[in-house]
Amino acid sequence: MTTTLHTPPPAAAAHHQCPFTHDPGRWERKRSRALRTGHVRDHTCSAACETVLVHERTPWGWLAWTVPGDGSPPEIPHQIAVLTPAATRTQRLALRWLTRRPAQRIALDTVPGSLRFSAAAVALISLLAGIFATGHGVPFDVALPAMLLAPLLAEHLPDRLEAWARQHVRIVEGDNACRYLQRLAALHTSLARTAAGSDRYELRRSAEIGHNLLWDAAGLLQARDTHAASDDLIARERLMLQLAHQVAQIIHRTADADHTPESGRPLGPHPPGARPATPHMTATSSLKETVLMPQPESSPAARTPDVYLLFAHEPYYPGPGTQEINTTVVAADSLLHPQVRQPDGARIHDLLTQGRQPGGIIPLATLTHELNGGADWPKVGDWEVVTTDLVQLVHAGRCDALSLGLPEIARALLCNGSHSQVRAYDAAADEFIVYGPTERAEALTQVGRFLAELVAEQSLWPGDGLLPPLVDPSPAGTRCCTRRTPGM
């Protein structure tokens, strides 16, 4: 698959091009110490050489650099490690443990192997302490186990701690893998540094998404080489680039707003201009459920912008004495809101808007049917978390929505495929009544009428600070939908 990626922002490109990019003096100090204490990389090195590594710790992991013998800085890290997202304090301490200086070892002539210098020192200290303790009345059978246990712990406990710490870190080695992850790390570092200096949720959320993308890419590179995982890697790099550009646009707009008179700024979360108390839409096109037909190669030109997502959720009551709300309709672009789980929201948006009819209302159940009956949802995203985030957006007034209190039968029909049936027991007639595709179409048409009335004046507002849509269809670059008959 051939793809074209945007050029990273200048601030992102400056990170990690060489060791300690923003503190060259620190690299010189590390290099000088390596020349005195370890083996540096030169023309005499072989694959068996254990060269000294200089670890550059970051908030998300570390980069390990070799020290060239000619004095030039290395261009590609020897090793890149990514810490698990949302790491605890203990897991961050594990990061420091893994980047500690290598233990000094003492070669033993009489037996194969070597002994840690720390273990030998602990053995000597425990021996002296044991002799002192037995001389002051401590029983020998108590002192002896302690004398033997202390050096054993000093020799083997660090290895156990290192094995535990590595469970929370994904380490990538090899020139090709490190070269790719180096680019991704530069983009994420720019996101993280921007978020660290701001209290805006959109910036912090972008940094969180970037860390998750970096973590996923490290997992792919651990399991496969760059060629085998190229499609998945390109998808993640593209989304990281989109995040970087989105953050640059937010900063640019913020800087422009700082130079705008106070009277010219919009009030509240809505765009400039008066908004009606109840949002309306201008679209009067047919609001019918549409079907995504297979396409060999999709592009942004094939995306339908004016599409809506219908999904059911746990009922809630907007206020005392109000009607139950159990179903919501939002504009498709609300899936690109930074407060919606990403990249899941962007992937669902891509699936929702590819090959649809303008003004179409797409129930979540339709997407489930298109995704092989739900079997392919893991390839797209976690729809439960995404819909929960959308409901929270509506509650907070960060996007417009059509909130509905559908009857039980209509809600059940819209939560299933268009050919499914719902059976209800009529106690008065003592019989079961079967509701099927006809009643489902009627329910969807009724929702369309409500939406048409709502959009007569102004379109649904999807929210502010939206992420750009995916350039390439589906997370892996290929559609995962199967051919369906019309009306599914």
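Predicted model: local features only at pLDDT ≥ 70, side-chain atom pairs only at ≥ 80, totals over all residues.
**View 1. Histidine 55 sits in strand β1, which spans residues 53-58.** Residues are numbered from 1 along each chain as its sequence is written, and side-chain values use heavy atoms, with hydrogens and water left out. Strands (E, at least two residues) and helices (H or I, at least four) are DSSP runs, numbered from the N terminus. Histidine 55 counts as buried, at 18% relative accessibility. Here buried means under 20% relative accessible area, exposed means over 50%, and partly exposed lies in between (1.4 Å probe, protein chains only). Setting aside neighbours within four places in sequence, histidine 55 is in contact with Phe20, Trp62, Leu63, Ala64, Gln79 and Thr99; contact means heavy atoms within 4.5 Å.

**View 2. Strands β1 and β2 form a hairpin with 2 residues between them.** The two strands run antiparallel and are joined by 6 bridges; strands are taken as paired if DSSP finds at least two bridges between them. Look across from histidine 55 and you will find alanine 64 in β2. On its other pairing, β2 runs antiparallel to strand β3 (residues 79-83), with 4 bridges, and the partner of alanine 64 in β3 is glutamine 79. In a regular strand the side chains alternate between the two faces of the sheet. For β2 (residues 61-66), 6 of its 6 residues are buried. One side carries Gly61, Leu63 and Trp65, the other Trp62, Ala64 and Thr66, and all of these are buried.

**View 3. Phenylalanine 20 lies in the loop between α1 (10-13) and α2 (24-37).** This residue is one of the contacts of histidine 55. Phenylalanine 20 has a positive phi of about 50 degrees although it is not a glycine. At 5% relative accessibility, phenylalanine 20 counts as buried.

**View 4. An open sheet of 4 strands has the order β9-β7-β8-β10 and mixed pairing.** The edges belong to β9 (361-363) and β10 (402-404), each with a single partner strand, so one side of each has no neighbour in the sheet. From one strand to the next, the twist averages 30 degrees. Angles run from 0 to 180 degrees between N-to-C directions, with axes fitted as lines to C-alpha atoms, for helices over the stretch in contact. Strand β8 (residues 325-331) and β10 run antiparallel, joined by 3 bridges, and valine 329 has leucine 402 as its bridge partner in β10. Helix α12 (residues 383-396) packs on this sheet, touching β7 (308-316), β8 and β10, and its direction makes about 80 degrees with that of β7.

**View 5. Glutamate 314 is found in strand β7.** Is this residue buried or exposed? Glutamate 314 counts as exposed, at 66% relative accessibility. Beyond its neighbours within four places in sequence, glutamate 314 is in contact with Ile325 and Arg411. Threonine 388 is 74 residues from glutamate 314 in sequence, and their C-alpha atoms are 9.2 Å apart.

**View 6. Two loops with backbone details to check.** The peptide bond from glutamine 342 to proline 343 is cis, with omega near 5 degrees. Proline 343 belongs to the loop between β8 and α9 (344-353). Asparagine 372 is placed in the loop between α10 (364-370) and α11 (377-380). Its phi is near 55 degrees, a positive value in a residue other than glycine, and at 45% relative accessibility asparagine 372 counts as partly exposed.

**View 7. A nonpolar surface patch is formed by Leu149, Leu152, Leu153, Leu157 and Leu161.** Together these leucines have about 430 Å² of accessible area, computed by the Shrake-Rupley method with a 1.4 Å probe, where for residues only the protein chains shown count as cover. Patch members have over 30% relative accessible area and no salt bridge, and nonpolar side chains (Val, Leu, Ile, Met, Phe, Trp, Tyr) are joined within 5 Å, like charges within 9 Å. A salt bridge is a side-chain nitrogen of Lys or Arg within 4 Å of a carboxyl oxygen of Asp or Glu. Leucine 157 lies in helix α5 (residues 140-166) and is partly exposed, with a relative accessible area of 41%.
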